[in-house]
Amino acid sequence: MDAIKRYFRSPAAVAGLILLLVVIAMAISASFLYPRDPLALAGRPLLWPFSNPHFPLGTDNSGRDIAAQIFHGARISLLIGGVATAIAILIGIVVGAFAGFYGGWVDNVLMRITEAFQTLPNFLLLLVLVAVFGSTLTTVTIAVGVVSWPAPARLTRAEFLSLRNREFVQAGRTLGMKDLQLILGEILPNALPPVIVYASVVMAVAILLESALAFLHLSDPNVASWGNLIGLGRDVLRVQWYVSAIPGVAILVTVLAVSLVGQGLNDALNPRLKRR
Amino acid sequence: MSEIAAILSVEGLGVRLPAGADRAYALTDVSLSVASNEILCIVGESGSGKSMMANAVMRLLPNEVRIEGGRMLFEGCDLCAAPEAEMRRLRGAEIAMIFQEPMTALNPLRTIGDQIAEVFSVHTDLSRAEITGRVLALLADVRIPDPNGAAKAYPHELSGGQRQRAMIAMALALDPKLLIADEPTTALDVTTQAQILKLIRELQGRRKAAVMFITHDFGVVAEIADRVVVMQQGRIVEQGPAAQVLDNPQHAYTRQLIAAVPPLTAPAPRRLSQEDILTISGISKTYRSGGFLGRGVRITRAVKDVSLKLPKGATLGIVGESGSGKSTLARCLVRLIDPDAGSIMLLGRDFVTMPRARLREETRHIQMVFQDPFASLNPRHKAAELVAQGPIVHGTPRATALAEAKELFALVGLDPSAADRFPHEFSGGQRQRIGLARALALKPAVLVADEPVSALDVSVQAQVLKLLADLRTRLGLSIVFITHDLRVAAQICDLVAVMKDGAIVEHGLAGEVFANPQHAYTQALLASVPGGAFARQHATEPA
C-alpha cells in the first residue's frame with residue numbers, strides 16, 4: 001500500500017512508532033518482569049535510582065518499586081487512552097455523521113448539545129463526573145471518553161457536510177440506497193482519515209487527563225498508574241524529585257509517541273497536503 | 001513570420017517534470033514564435049503541455065518542474081536565463097496573462113478597481129488621481145457596462161463575463177507587448193464566450209499586441225487565430241497559418257482533432273416512436289434563500305412550469321447556459337431534488353408524488369449519468385463494485401451482480417479484467433464509461449445524462465458520444481441529454497429543448513431547431529458557437 005510506504009519514509013513517524021511499540025512492550029512484559037503486585041511494599045522507602053540493583057528506578061515514599069509501577073502503569077495509561085479514545089471517536093462519529101448528513105433541525109439539536117459540552121472546560125466536567133460517579137478505573141475511563149467527543153464530532157460533521165452533496169453520493173441516491181447505506185458505505189470511508197488522525201490527539205489528551213486526575217488523588221487509587229505516582233511524589237517533590245519526574249518522563253514519551261504517529265498517519269493518508 | 005520581427009521566439013525549449021510524473025518532459029524541443037499584431041493559438045488536449053508552455057514563458061512553473069535546454073527570446077532577452085528580478089519587471093508590464101477562471105484569479109476581498117490600480121502602483125509612479133483615471137478608461141475599453149460601478153464592485157458582484165473583462169483590463173493595464181491567454185473563455189457560456197473572443201480580437205487589433213492564445217477548442221481557433229500551433233504530448237506536431245491548418249491539416253493528429261469537433265448540423269432524423277415513455281408536465285422548482293421572518297428573502301425560480309415529452313427510444317436534448325435551470329430539471333427527474341409542482345409520468349407512475357420508500361424501489365427505471373468523471377465515482381470502491389452497487393441494493397446476490405458488472409464493462413468498451421481497479425487508475429473517458437455502466441446496470445427505461453461529456457477532451461468526447469448512440473440503438477434506451485454545448489446536442493439528439501431562465505423557450509426536432517431557429521435566444525446561441533461557420537462547413541465534408 002502506498003500509504004504504508006509513505007508512512008515509513010518519514011523518520012519522525014518511524015521514531016514515534018518505535019517509542020509507541022516500546023511502551024506497548026512495557027505494558028505486555030509487566031507481568032513477566034514484575035509478577036508481584038506493583039503496589040506492594042518492596043523495600044526501604046525513597047531509595048534513589050541506581051543506588052540499589054534490585055530497584056533500578058528506586059522506590060517511592062512508601063517503599064514501592066518505581067520500575068514495577070512504571071511498567072504496570074503503561075498498561076493503565078494505554079488502556080485508558082485506548083478505550084477512552086474509542087468511546088470519544090465512536091460518539092463523535094455517530095453525532096457528527098447524523099448532524100452532517102441530515103442537516104436542518106437534526107444538525108441544530110446535535111450541534112447545540114455538542115457546544116454545551118464544548119463550552120464547559122473538559123477537565124472541570126471530568127471532575128464533576130468523577131465526583132458524582134466515583135473514581136474506579138471504569139468510571140474514570142468512561143468519563144474521559146465522554147468529555148472528549150465534541151471535537152471529533154465537529155470534525156466528522158464538517159467532512160460529512162462537504163461530502164454529502166458530492167456526485168458519487170447523489171449517484172448512490174439515484175441507485176436507490178437507503179440513508180444508512182449512504183452514510184456507512186459511501187460517505188464514512190471518505191470522511192474517516194482525518195478523524196483517525198485526530199484520534200491520536202484525543203488519545204494523548206486522554207492519557208494526560210487521567211494523569212491530571214491522579215495527581216489530584218481523584219483517580220482510582222487501587223491501580224498503579226503513572227498519574228498516581230506523580231501524585232505521591234508531590235509530597236516529596238523538593239528533595240526526592242525523581243518520584244514525580246520518572247513517571248512524568250514516561251507520560252511525556254507516550255504522548256510524544258502517539259502524536260508523532262498521528263502526524264505520520266496524517267501525512268501518509270493525505271499526501272497532497274504535505275508535498276505542496 | 002520571417003518578414004515581421006517576432007516579439008517572442010522560443011527555440012528548442014525543454015521542460016523537465018519531476019520523477020514519477022507520467023512522462024519525463026512536459027515540453028520537448030518546442031520551437032515557435034509570436035510576432036506583434038498577431039494571435040497565435042496553441043491547441044491541444046489535456047496533458048499536451050499547452051498550459052505548461054504559457055507558464056514557462058512567464059517562468060511561473062510549479063516547484064520541481066525545471067526548464068532544461070532551449071532559449072526563449074523576448075525582444076532579444078533570453079527569458080530562460082533572466083534573473084528573477086528581471087522577470088518580475090517583465091511580468092505584468094511587458095508580458096501579461098489572462099487565466100481561465102477569473103473568480104479564482106481575482107482577490108475576493110478587494111474591489112475590482114483596487115486590484116487594477118495595484119498594477120499601476122507596483123510598476124509606475126503615477127499619482128492616485130491619474131491611476132483612478134486610467135482604471136476607468138481601461139474598464140471602459142473592455143466594454144464593461146457602467147465602469148464606475150464595476151470599479152467599486154467586488155468580484156462576486158460581477159457576472160462571469162464581466163469578471164473576465166476585468167481580468168483583461170488588468171492584463172492590458174500597462175500595454176504589454178505580449179498577452180498570454182490560458183483558456184480564457186472555457187469557463188464561460190457560449191454567448192459570453194463569443195463576446196469575449198470578439199473583445200480580445202478587437203483590442204489586439206487596436207493595440208497591435210502579440211497574443212498567445214491557449215485553447216482546446218478548434219471552434220475557438222477558427223474564430224480567432226492568425227496562426228496555429230498544434231501540440232501533443234509536449235511536442236509540436238504541426239504549425240502554420242490558421243486557414244492552412246484548419247482546411248488542409250497535414251499531421252494525422254491534427255486531422256483527428258478536427259474530425260472530432262462536432263459539426264453543427266443534426267444528423268439525418270430517425271423515425272420516432274408514437275408512444276411517449278416519459279411525460280413531464282408543469283414541473284416547477286423555486287429556491288428561497290436568506291431572509292429572516294419573511295424579510296429579505298431571495299427567491300430564485302430555477303425551473304418554471306416545464307412540460308416535455310420523450311418518445312420511446314428517442315433522445316431529448318435540453319440545452320441551456322449556466323443558470324438556465326437545466327441541471328435542476330435533470331435532478332428533479334430523478335428526484336434528487338423534489339419539484340414544487342407538476343408531474344413526471346414514467347411507466348404509468350407519477351414520480352413526483354411517490355413516497356421515499358417506494359421511490360427507492362422505482363428509481364431503477366430512471367438512472368442518471370453525472371458530469372464530473374472524477375467526483376461521481378466513490379474513490380474507495382473498486383470499479384466492479386461501483387457498477388454492481390445498484391443491483392445489489394435492489395436484491396441481486398453479490399456474486400451475480402459482480403459477474404454482470406464484468407459483462408457491462410465489455411458493453412461500454414472497457415476491459416473486463418480492469419474491473420478490480422480503483423477509479424483513480426482510469427482516465428477521464430474510462431471513468432465516464434464506468435459511470436455509464438453503473439447507470440445501465442439497473443436496466444433503466446430512461447437515462448438522464450447531465451453534461452456527460454463536458455469534462456472530456458474532444459477526441460474522448462466523440463468516442464463517448466458514439467458509445468451512447470450505439471447503446472441507444474442496441475438497448476432501445478430513451479435518453480434525456482442535458483448539455484450547454486449545441487455542437488454536442490446536434491450530434492446525438494432527436495429532439496431539442498432550449499432553456500433560458502428556467503423556462504423552455506423553444507423545442508422541436510433537432511434538425512428543425514438547428515436549421516431554422518424561431519426564438520431570438522436560440523438564434524443568439526447558434527450564432528455564438530465558436531467557429532460556427534467552420535463547424536457548418538466542416539459538417540458537409542465526409543468525416
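Two residues are said to be in contact if their C-beta atoms, placed from the backbone, lie within 7 Å. This is a predicted model, in which local features need pLDDT of at least 70 and side-chain atom pairs count only at pLDDT 80 or more, while totals for chains, interfaces and linings use all residues. Residues are numbered from 1 along each chain as its sequence is written, and chains are lettered from A and ligands numbered from 1 in the order in which they are written.

Along its principal axes, the C-alpha trace of chain B spans about 70 × 60 × 45 Å. Of the 543 residues in chain B, 47% are buried; a residue is buried if 20 or more other C-beta atoms lie within 10 Å of its own, exposed if 12 or fewer, and partly exposed in between, with C-beta atoms placed from the backbone.

Next, zoom in on B:Ile196, which sits in helix 8 (residues 190-207) of chain B. B:Ile196 counts as buried because it has 22 C-beta neighbours inside 10 Å. Leaving aside neighbours within four places in sequence, its contacts are B:Gly161, B:Gln164, B:Pro184, B:Thr185 and B:Leu188. One of these, B:Pro184, is twelve residues away along the chain, and its C-alpha atom is separated from that of B:Ile196 by 8.5 Å.

Now show both chains and colour the residues where they touch. The contact takes 22 residues from chain B and 15 residues from chain A. On the side of chain B, the elements that give two or more residues are helix 13 (356-362), strand 17 (366-369) and helix 14 (383-393), and helix 14 gives the most, with three residues.

Finally, move to chain A and select helix 4 (residues 104-119) together with helix 7 (residues 150-163), whose axes come within 9 Å and cross at roughly 140°. Here axes are lines fitted to C-alpha atoms, for helices over the stretch in contact, and angles run from 0 to 180 degrees between N-to-C directions. To see where they meet, display A:Thr114, A:Phe117 and A:Gln118 in helix 4 of chain A against A:Pro150, A:Ala153 and A:Arg154 in helix 7 of chain A.

Definitions and conventions. Helix = DSSP H or I, 4+ residues; strand = E, 2+ residues; numbered from the N terminus.
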